[in-house]
Amino acid sequence: MSSFNFIVASAVVVLLCLLCSLHFSNASVHDYSAEKFASKGKVFVVHGGSEGIYSSALNLNESSSLSSNGHSFIRFKKIIFRRPEEFSNISSGSIHAVVFEVDDRETIGGSAYGGQRAVCCTADLAKLGVCKQGEIIHRPSSNNPGWPKVFGVSFGIDELEAKLQPRTIHVTKTGMYNVYFMHCDPNLKEVVVEGKTVWKNPTGYLPGRMAPLMNFYGYMSLAFALLGIFWFSQYARFWREVIALQNCITLVITLGMFEMALWYFDYAEFNETGVRPTGITIWAVTFSTVKRTVSRLIILIVSMGYGVVRPTLGGLTSKVLLLGGTFFVASQVLELVENVGTVSDFSGKARLFFVLPVAILDAFFILWIFTSLSATLNKLQARRLLAKLDIYRRFTNSLAVAVIVSVGWVCYELYFKSTDVYNERWQNAWIIPAFWQVLSFSLLCIICALWAPSQNSMRMSSSKTNPKDKGKGPAKPQDDYRQTVLGNLNFRPITAHETPTLERLYFGKNNLVSFPSSNLTFKTLPDYVLDRQQKCLIDNLWIAHSRKDTSHFVATLNCTSHYFNDKKFRQKI
């Protein structure tokens, strides 16, 4: 366990450092705190944000101060450019704020005589009269009149600050909008920008790519609530029969309910105020990561046969916990980077450094799960525990389908992101994270259906397995044989509160299971026709003989003796 404790301690340190280093931006309110201009060739740039915005039917006679009621806008508030004192003795060129929709990106910049494209006006372009040397090149959009929006401010002599006049730009066309601050003056390379811009959609402050997720998490909360009602009602009804595996499933459902509710409230608060609640976001991320980790661990230990074939994991416990702890740390870091402080509508912003560990650990989980499942299926088949074998085969098929679908979706996701460089398909981007939630929920529903609490739950427990199957010596007559279709039969009378999995025929005080016809029951010659009692006796004698189960064989002989001495049989003679 020392390795697991080390992982936990490392997780706390890494997460604390990450939380201290994250820049908690106020969501749709884009804050600029002494942002420095980056050199891109001859132009100096600060990216002010990118968001998908839906159009609003704005009445131009209305006041520009409107901030709600179905209007979309980008508002510049208290934008200030500051320069060092040593550069204050000269006047400067203009610093521009450039706002454009992604379809109009070609309207920014130009080239002379088909040469290299430039954003700053060159001497050759100035000679052509298309721009003023040192200014930002732009031309009106043919598809969106009045766009792009370009306005600016410049420093006077001895001025350390230049303030951009507050303004609101109303959006009347749906699209992915970008804000950049640019200048072409090398003397202003040390300038920083402060202030904020406020972005709003018709329905609230949520960026367009995130807006559908609020409703999605609302529906997912309802779906988890319905699943919880079903599961907890079964749990309360058959709580005496609950096994350890079902307790683990209960934990996952509870975590899922909290996760969906937290994500919904996170987006709802974000949409209402324009400020993302950092605390709720961190809690939502944490519950999401814990649920993902616990879900993978449960699938892994079920695949190993824990609680069904084997009572403990033995020496594998520390390895399973180590893998789970490592996955939790890697996933938590990735989710924090992806969600906490997210402002712009850029998809797939997490660095490869954070994505790769999670992908590798997921692949390791899948490999270990299917390897363990193969061993468990072989063990169940060798022991002829067909009831359990049937459930595990369904579970394996469900997992295989989920993995195949996941691989296909990953390929589609890679295609989607590689062909959408400028986020032009932002309105459909929400489907990518939503799909993973739906897939994991579907798999959870399948697991709940396979292992739902019932009056027969204890029959799936490893504690009810025949000692002969566990390698502890030959079976004894008093062993509980209720486990499977092929054997482990209970020859005592069934009490009133028990319900058999198969029909039983009574022979005096004894009873035997009446097996349905299968490749494991006795095949009589075509000319012989047996009634139900005769077939039951023959099948049990054959199965007891095949399994070399003396107690089963003796019990069947006693039932056969009763059959031959039965009054009804003598009357037939």
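**Working chat: loops, helices and salt bridges**

A: Let's start with Ser92, which is found in the loop between strand S4 (73–82) and strand S5 (94–101). Helices (H or I, at least four residues) and strands (E, at least two) are DSSP runs, numbered from the N terminus.

Q: Before we go on, what kind of model is this?
A: This is a predicted model: local features need pLDDT of at least 70, side-chain atom pairs count only at pLDDT 80 or more, and totals for chains, interfaces and linings use all residues. Residues are numbered from 1 along each chain as its sequence is written, and side-chain values use heavy atoms, with hydrogens and water left out.

Q: Back to Ser92. Buried or exposed?
A: Ser92 counts as buried, because its relative accessibility is 16%. Buried means under 20% relative accessible area, exposed over 50%, partly exposed in between (1.4 Å probe, protein chains only).

Q: What does Ser92 touch?
A: Setting aside residues up to four places away in sequence, Ser92 touches Arg83, Ser154, Phe155, Asp185 and Leu188. Contact means heavy atoms within 4.5 Å. Asp185 is 93 residues from Ser92 along the chain, yet their C-alpha atoms are separated by 7.1 Å.

Q: And the chain overall?
A: The chain has twelve helices and twelve strands. Of its 573 residues, 45% count as buried. Take the contacts with a separation of 6 or more: residues 24 or more positions apart account for 72% of them.

Q: Where is Ser141?
A: Ser141 sits in the loop between helix H2 (123–128) and strand S6 (149–154). Ser141 counts as buried, because its relative accessibility is 9%.

Q: Which residues does Ser141 contact, beyond its neighbours within four places in sequence?
A: Asp104, Thr107, Trp147 and Pro148. Asp104 is 37 residues from Ser141 in sequence and 6.3 Å away in space, C-alpha to C-alpha. The Ser141 side chain also reaches the backbone nitrogen of Asn143 at 3.2 Å.

Q: Switch to Thr197. Which element holds Thr197?
A: Strand S10, residues 192–200. Thr197 counts as buried, because its relative accessibility is 0%.

Q: What joins the side chains of Thr197 and Tyr32?
A: A polar contact of 2.6 Å. A polar contact is a pair of N or O atoms within 3.5 Å; within protein, one must be able to donate a hydrogen and the other to accept it, and residues adjacent in sequence count only if both atoms are side-chain atoms. Leaving aside neighbours within four places in sequence, Thr197 also has contacts that include Ser28, Gly48, Arg75 and Phe76.

Q: Salt bridges next. How many does the structure hold?
A: Eleven. A salt bridge is a side-chain nitrogen of Lys or Arg within 4 Å of a carboxyl oxygen of Asp or Glu. One of them pairs Glu259 with Lys291, the closest N and O atoms being 3.0 Å apart. That pair links distant parts of the chain: Glu259 is in helix H4, Lys291 in helix H5, 32 residues apart.

Q: Are Glu259 and Lys291 buried or exposed?
A: Glu259 is buried, and so is Lys291. Gln437, in helix H9 (residues 431–450), contacts residues including Glu259 and Lys291. Gln437 is buried, with a relative accessible area of 12%.

Q: What span should helix H4 have?
A: H4 (residues 244–273) has 30 residues, so at 1.5 Å a residue it should span 44 Å; its end C-alpha atoms are 44 Å apart, which agrees. The expected span of a helix is 1.5 Å times one less than its number of residues.

Q: What follows H4?
A: Gly274, whose phi is positive, near 80°. H5 (residues 278–303) is followed by Gly305, with a positive phi near 90°.

Q: How far apart along helix H10 are Asp539 and Lys535?
A: About one helical turn, because they are four residues apart in H10. Asp539 counts as buried at 1% relative accessibility, while Lys535 counts as partly exposed at 25%.

Q: Which residues form a salt-bridge network?
A: Arg82, Glu161 and Glu194.
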